Amino acid sequence: MARVGTGVRAVGAVLAAVLGASLVGCSSTGGKRAEDARKASQAQGKAAVNTPRWTVAMITHSGDGDTFWDIVQNGAKQAAVKDNINFLYSHDDEAQQQAQLVDAAIDKKVDGIIVTLAKPDAMKAAVARAKKAGIPVITVNSGSEESKEFGALAHIGQDETIAGEAVGEELTKRGKKKTLCILHEQGNVGHEQRCDGAKSTFKGKMQNLYVTGTNMPDVQSAIEAKLQADKDIDAVVTLGAPFADTAVKAKEGADSKAEIDTFDLNEKVAAGLKSGALGFAVDQQPYLQGYEAVDLLWLYKYNADVLGGGKPVLTGPQIITKDQAAELEDYAKRGTR
């Protein structure tokens, strides 16, 4: 690679510092470091490399308004700046439409594709078409079990079963006896794996409750009705950060004493943990998923590098409680945790 100029190296150093700050769980400098990193993250920056301007498309199963994917995109965009990547993002929570978006990216002759496999059966052919077209594919977030089989270079995310097992263990540790596991997207295999994993290690009883995640009023009323009907329920686990606040409202409406816990972290969840409105959260570091997926595609294009050795590259789970919430809240506010 040709020598990179001093100015570009300086920008690269700033970007590296931003990433480093986002990954540190504990720091003696506290709020000052987070504030400095927040200011740095607002800079657009310039590429830290002189490789060609490759185009990478990310296609996810996100529905409209799911803030989790904003964090994934923040990581991907930051890596794209550093790596001189033209980053494209699209999403659809309907599997057939998501597959069509992958086909559209193939037609554009992008240089790399990042895709989620929440509903793997519907995505298998689309991934195969990308591979046939010579486009490298990275899977993120969901689909760790299918990623290698489908021909992806690597999978970056958390193992959903392992994450679920961690939840079951934490609920048992907290002395919970009867739990609701709220599934907000039917057909999402990762969601089923989370609840199944939790059931396998939880010493109490766990029941699944299926809701329509795109309709928050209905989500709230469904949880509230369950809590009103069964006062023995002492914990509710939501599978996404946006649903935690809704579950808290349902708890209040039902006059329930159930603890609300959740998968994923964002600013509201961090604040809820800090205040005690939430018991714990399971963080899978979505910023890291986006960042590493883009960065790995750049490394593959530039140097034929791969990660994982055929195994998922795990970004979680990490159990977050009130003890860590205050520090992580600063990072969550800037959209990187």
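## Getting to know this predicted model

Trainee: How far does helix α13 reach from its first C-alpha to its last?

Mentor: Keep in mind that we're looking at a predicted model. Helix α13 covers residues 322-333, twelve residues in total. At 1.5 Å a residue you'd expect 16 Å, and the helix comes close to that, with a reach of 16 Å.

Trainee: Which residue with a positive phi follows α13?

Mentor: Start from the helix itself, where Ala325, Leu328, Glu329, Asp330, Tyr331 and Ala332 are buried. Then look at what follows α13: there's a residue with a phi near 85°, and that one is Gly335.

Trainee: Let's zoom out. What percentage of the protein's residues count as buried?

Mentor: The fold has 13 helices and twelve strands. Residues 24 or more positions apart make up 74% of the contacts with a separation of 6 or more. Out of 337 residues, the buried share is 53%.

Trainee: Is Ala126 buried or exposed?

Mentor: Ala126 sits in helix α5, residues 120-132. Leaving aside residues up to four places away in sequence, Ala126 touches Ala99, Val102, Asp103 and Ile106. Its relative accessibility is 0%, and the cut-off for buried is under 20%, so Ala126 counts as buried.

Trainee: What distance separates the C-alpha atoms of Ala126 and Leu101?

Mentor: Along the chain, these two are 25 residues apart.

Trainee: Now the open spaces. Which residues are the closest to the centre of the largest pocket?

Mentor: The largest pocket holds about 630 Å³ of space. It's lined by 35 residues, and the closest to its centre are Gly63, Asp66, His184, Glu185 and Phe243.

Trainee: How many charged residues are in the lining of that largest pocket?

Mentor: Helices α3 (68-82), α8 (189-201) and α10 (241-254) each supply at least two residues of the lining. Sorted by class, the lining has eight nonpolar and 18 polar residues, and the charged ones number nine.

Trainee: Which helix gives the largest share of the lining of the largest cavity?

Mentor: The count comes to one cavity of 30 Å³ or more, and the largest cavity has about 60 Å³ of space. Its lining includes Asn141, Ser142, Glu160, Val189 and Gln193. By class, that lining splits into one nonpolar, seven polar and three charged residues. The largest share, three residues, comes from α8.

Notes
Residues are numbered from 1 along each chain as its sequence is written. This is a predicted model: local features need pLDDT of at least 70, side-chain atom pairs count only at pLDDT 80 or more; totals for chains, interfaces and linings use all residues. Side-chain values use heavy atoms; hydrogens and water are left out. Helices (H or I, at least four residues) and strands (E, at least two) are DSSP runs, numbered from the N terminus. The expected span of a helix is 1.5 Å times one less than its number of residues. Buried means under 20% relative accessible area, exposed over 50%, partly exposed in between (1.4 Å probe, protein chains only). Contact means heavy atoms within 4.5 Å. On a 1 Å grid over the protein atoms alone, a cavity is a set of points where a 1.4 Å probe fits but cannot get out, and a pocket is an open set with protein on both sides within 12 Å along at least five of seven lines; lining residues have an atom within 4 Å of a point. Grid points are joined across faces, edges and corners, and a volume is the space filled by probe spheres set on the points. Ala, Val, Leu, Ile, Met, Phe, Trp, Tyr, Cys and Pro count as nonpolar, Asp, Glu, Lys and Arg as charged, and the others, Gly among them, as polar.
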